[in-house]
Amino acid sequence: MPWNSGIEASTLSRANADGSATDVPLKIGIYWTDGVVTPQPPVQRGLRIVHDLVRDLGHKVVDWDPPSQTIAKTIHLAFLKADGAHDVHQQLHLSGEPLVPPLRESFQLRDPMPLLDYQDLTIQGKAYNEAYYDYWNSSSADDGQVVDVVLMPVAPHAAVIPGKFYHTGEHGAESILYMNGA
(Lines give C-alpha, C1' and ligand atoms only; values in the text may rest on other atoms or scores of the structure.)
Protein backbone atom coordinates (compact mmCIF):
# COMPACT_ATOMS: atom_id res chain seq x y z
CA MET A 1 0.00 0.00 0.00
CA PRO A 2 1.52 3.34 -0.97
CA TRP A 3 0.76 4.99 2.38
CA ASN A 4 2.78 2.30 4.17
CA SER A 5 5.96 2.86 2.22
CA GLY A 6 8.11 5.70 1.06
CA ILE A 7 9.99 8.30 2.99
CA GLU A 8 6.87 10.08 4.24
CA ALA A 9 5.73 6.93 6.07
CA SER A 10 9.07 5.74 7.42
CA THR A 11 9.73 5.33 11.12
CA LEU A 12 12.70 4.04 13.02
CA SER A 13 11.72 2.14 16.12
CA ARG A 14 13.98 0.38 18.56
CA ALA A 15 11.07 -1.03 20.55
CA ASN A 16 9.17 -4.29 20.51
CA ALA A 17 5.38 -4.29 20.10
CA ASP A 18 4.97 -4.14 23.90
CA GLY A 19 7.24 -1.06 24.13
CA SER A 20 10.25 -2.85 25.59
CA ALA A 21 13.67 -2.23 24.06
CA THR A 22 15.03 -4.66 21.48
CA ASP A 23 18.29 -6.49 21.98
CA VAL A 24 19.41 -5.64 18.46
CA PRO A 25 22.39 -3.29 18.46
CA LEU A 26 21.98 0.02 16.70
CA LYS A 27 23.44 0.42 13.24
CA ILE A 28 25.09 3.85 13.12
CA GLY A 29 26.28 5.65 10.02
CA ILE A 30 29.25 7.97 10.38
CA TYR A 31 29.35 10.84 7.91
CA TRP A 32 33.06 11.63 7.74
CA THR A 33 32.99 14.27 5.01
CA ASP A 34 30.63 15.86 2.53
CA GLY A 35 33.19 15.27 -0.22
CA VAL A 36 33.82 18.99 -0.65
CA VAL A 37 35.62 20.08 2.52
CA THR A 38 37.61 17.69 4.70
CA PRO A 39 36.88 18.29 8.38
CA GLN A 40 39.72 19.76 10.42
CA PRO A 41 41.67 17.41 12.73
CA PRO A 42 39.69 18.26 15.92
CA VAL A 43 36.41 17.41 14.15
CA GLN A 44 37.87 14.20 12.71
CA ARG A 45 39.14 13.28 16.16
CA GLY A 46 35.70 13.85 17.69
CA LEU A 47 34.05 11.64 15.08
CA ARG A 48 36.70 8.95 15.62
CA ILE A 49 36.15 9.02 19.41
CA VAL A 50 32.38 8.61 18.95
CA HIS A 51 32.91 5.93 16.28
CA ASP A 52 35.18 3.90 18.57
CA LEU A 53 32.92 4.36 21.60
CA VAL A 54 29.71 3.16 19.96
CA ARG A 55 31.56 0.29 18.25
CA ASP A 56 33.08 -0.75 21.60
CA LEU A 57 29.58 -0.67 23.14
CA GLY A 58 28.58 -3.34 20.63
CA HIS A 59 26.79 -1.28 18.01
CA LYS A 60 27.37 -1.66 14.28
CA VAL A 61 29.16 1.29 12.71
CA VAL A 62 29.29 1.97 8.98
CA ASP A 63 30.58 4.76 6.79
CA TRP A 64 27.82 7.06 5.45
CA ASP A 65 28.20 8.33 1.88
CA PRO A 66 24.75 9.63 0.82
CA PRO A 67 23.73 11.42 -2.39
CA SER A 68 25.57 14.68 -3.07
CA GLN A 69 25.30 17.28 -0.35
CA THR A 70 26.12 19.91 -2.96
CA ILE A 71 22.82 19.19 -4.73
CA ALA A 72 20.95 19.36 -1.42
CA LYS A 73 22.64 22.62 -0.46
CA THR A 74 21.71 24.18 -3.81
CA ILE A 75 18.06 23.14 -3.43
CA HIS A 76 17.92 24.30 0.20
CA LEU A 77 19.38 27.72 -0.55
CA ALA A 78 16.97 28.17 -3.47
CA PHE A 79 14.02 27.39 -1.17
CA LEU A 80 15.29 29.91 1.38
CA LYS A 81 15.38 32.62 -1.28
CA ALA A 82 12.30 31.55 -3.29
CA ASP A 83 10.08 34.34 -1.95
CA GLY A 84 12.73 36.94 -2.72
CA ALA A 85 13.95 36.84 0.91
CA HIS A 86 10.81 38.65 2.05
CA ASP A 87 10.07 36.15 4.84
CA VAL A 88 13.63 36.45 6.19
CA HIS A 89 13.30 40.23 6.34
CA GLN A 90 9.80 40.01 7.86
CA GLN A 91 11.05 37.74 10.65
CA LEU A 92 14.07 39.94 11.29
CA HIS A 93 11.79 42.98 11.46
CA LEU A 94 9.65 41.25 14.11
CA SER A 95 12.72 40.44 16.19
CA GLY A 96 14.41 43.78 15.65
CA GLU A 97 17.60 42.01 14.59
CA PRO A 98 19.64 43.07 11.58
CA LEU A 99 20.60 40.69 8.81
CA VAL A 100 24.15 39.60 9.62
CA PRO A 101 26.76 40.95 7.17
CA PRO A 102 27.78 37.57 5.64
CA LEU A 103 24.16 37.00 4.53
CA ARG A 104 23.32 40.48 3.25
CA GLU A 105 24.17 39.74 -0.37
CA SER A 106 22.44 36.34 -0.50
CA PHE A 107 19.29 37.58 1.22
CA GLN A 108 18.84 41.01 -0.30
CA LEU A 109 15.22 41.68 -1.24
CA ARG A 110 14.29 40.73 -4.79
CA ASP A 111 11.31 39.52 -6.77
CA PRO A 112 9.99 36.10 -5.76
CA MET A 113 10.85 33.06 -7.85
CA PRO A 114 8.33 32.40 -10.66
CA LEU A 115 5.75 29.75 -9.77
CA LEU A 116 6.89 27.23 -12.40
CA ASP A 117 10.49 27.54 -11.16
CA TYR A 118 9.27 26.95 -7.60
CA GLN A 119 7.32 23.91 -8.76
CA ASP A 120 10.46 22.57 -10.46
CA LEU A 121 12.45 23.19 -7.28
CA THR A 122 9.87 21.22 -5.31
CA ILE A 123 10.21 18.33 -7.75
CA GLN A 124 14.00 18.48 -7.40
CA GLY A 125 13.64 18.37 -3.62
CA LYS A 126 11.32 15.38 -3.82
CA ALA A 127 13.72 13.57 -6.18
CA TYR A 128 16.61 14.24 -3.79
CA ASN A 129 14.53 12.87 -0.90
CA GLU A 130 13.75 9.73 -2.88
CA ALA A 131 17.42 9.21 -3.77
CA TYR A 132 18.42 9.70 -0.13
CA TYR A 133 15.69 7.32 1.04
CA ASP A 134 16.85 4.71 -1.48
CA TYR A 135 20.42 5.11 -0.23
CA TRP A 136 19.25 4.78 3.38
CA ASN A 137 17.34 1.60 2.57
CA SER A 138 20.36 0.18 0.71
CA SER A 139 22.24 0.24 4.02
CA SER A 140 20.50 -3.04 4.83
CA ALA A 141 22.07 -4.88 1.89
CA ASP A 142 24.90 -6.47 3.90
CA ASP A 143 23.04 -7.57 7.03
CA GLY A 144 19.31 -6.88 6.61
CA GLN A 145 19.38 -3.94 9.06
CA VAL A 146 19.02 -0.36 7.90
CA VAL A 147 21.03 2.37 9.54
CA ASP A 148 19.19 3.67 12.61
CA VAL A 149 20.97 7.00 12.96
CA VAL A 150 23.61 9.04 11.20
CA LEU A 151 26.21 11.03 13.12
CA MET A 152 27.85 13.97 11.39
CA PRO A 153 29.68 17.15 12.24
CA VAL A 154 27.78 20.43 12.31
CA ALA A 155 30.63 22.07 10.41
CA PRO A 156 34.04 20.97 9.11
CA HIS A 157 35.86 23.20 11.58
CA ALA A 158 36.05 23.56 15.32
CA ALA A 159 35.78 27.34 15.23
CA VAL A 160 35.25 30.05 12.66
CA ILE A 161 36.59 33.55 12.21
CA PRO A 162 33.59 35.95 12.23
CA GLY A 163 32.59 36.72 8.67
CA LYS A 164 34.49 33.71 7.29
CA PHE A 165 31.86 30.97 7.61
CA TYR A 166 31.47 29.89 4.00
CA HIS A 167 30.89 26.15 3.99
CA THR A 168 27.57 24.75 5.16
CA GLY A 169 27.57 21.52 3.15
CA GLU A 170 27.38 19.17 6.13
CA HIS A 171 23.76 20.05 6.83
CA GLY A 172 22.40 20.94 3.38
CA ALA A 173 20.55 17.66 2.93
CA GLU A 174 19.29 17.51 6.48
CA SER A 175 17.50 20.80 5.91
CA ILE A 176 15.39 19.48 3.02
CA LEU A 177 14.89 15.82 3.94
CA TYR A 178 11.54 14.52 5.10
CA MET A 179 13.25 13.17 8.23
CA ASN A 180 13.86 14.29 11.77
CA GLY A 181 17.23 15.59 12.82
CA ALA A 182 18.73 16.54 16.13
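Two strands are taken to pair if DSSP finds at least two bridges between them, and helices (H or I, at least four residues) and strands (E, at least two) are DSSP runs numbered from the N terminus. The structure is a predicted model, in which local features need pLDDT of at least 70 and side-chain atom pairs count only at pLDDT 80 or more, whereas totals for chains, interfaces and linings use all residues. Residues are numbered from 1 along each chain as its sequence is written, and side-chain values use heavy atoms, with hydrogens and water left out.

On these terms, S1 and S3 run parallel and are joined by three bridges, while strand S1 (residues 27-30) also pairs with strand S2 (residues 60-63), in the parallel sense and over four bridges. In the segment before S1 lies Leu26, which counts as partly exposed because its relative accessibility is 26%. Leu26 and Lys60 are 34 residues apart in sequence, yet their C-alpha atoms are 6.1 Å apart in space.

S1, helix H1 (residues 41-56) and S2 make a right-handed β-α-β unit; a crossover is right-handed if, with the strands pointing away from the viewer, the path from the first strand over the helix to the second runs clockwise. The expected span of a helix is 1.5 Å times one less than its number of residues, so that the 16 residues of H1 should span 22 Å, in agreement with the 22 Å that separates its end C-alpha atoms. The buried residues of H1 are Val43, Leu47, His51 and Val54. These residues lie on the same side of H1, because they cover an arc of only 75 degrees around the axis, the arc being that of the directions from the helix axis to the C-beta atoms. An α-helix has 3.6 residues a turn, so residues three or four places apart point the same way. The buried residues of H1 pack against S1, S2 and strand S3 (149-151), contact meaning heavy atoms within 4.5 Å, whereas Pro41, Arg45, Ile49 and Asp56, on the other side of H1, are exposed. H1 is followed by Gly58, whose phi is positive, near 100 degrees.

A positive phi, near 70 degrees, is also found for Ala85, a residue other than glycine. Ala85 lies in the loop between helix H2 (69-81) and helix H3 (86-95), and it counts as buried because its relative accessibility is 0%.

Over the whole protein chain, four helices and three strands are present, following the pattern β-α-β-α-α-α-β along the sequence. Of the 182 residues of the protein chain, 25% count as buried. Among contacts between residues at least 6 apart in sequence, 75% join residues at least 24 apart. The accessible surface of the protein chain, computed by the Shrake-Rupley method with a 1.4 Å probe, comes to about 11800 Å², of which 59% belongs to carbon and sulfur atoms.

How values were computed. Buried < 20%, exposed > 50% of the residue type's maximum accessible area, 1.4 Å probe, protein only.
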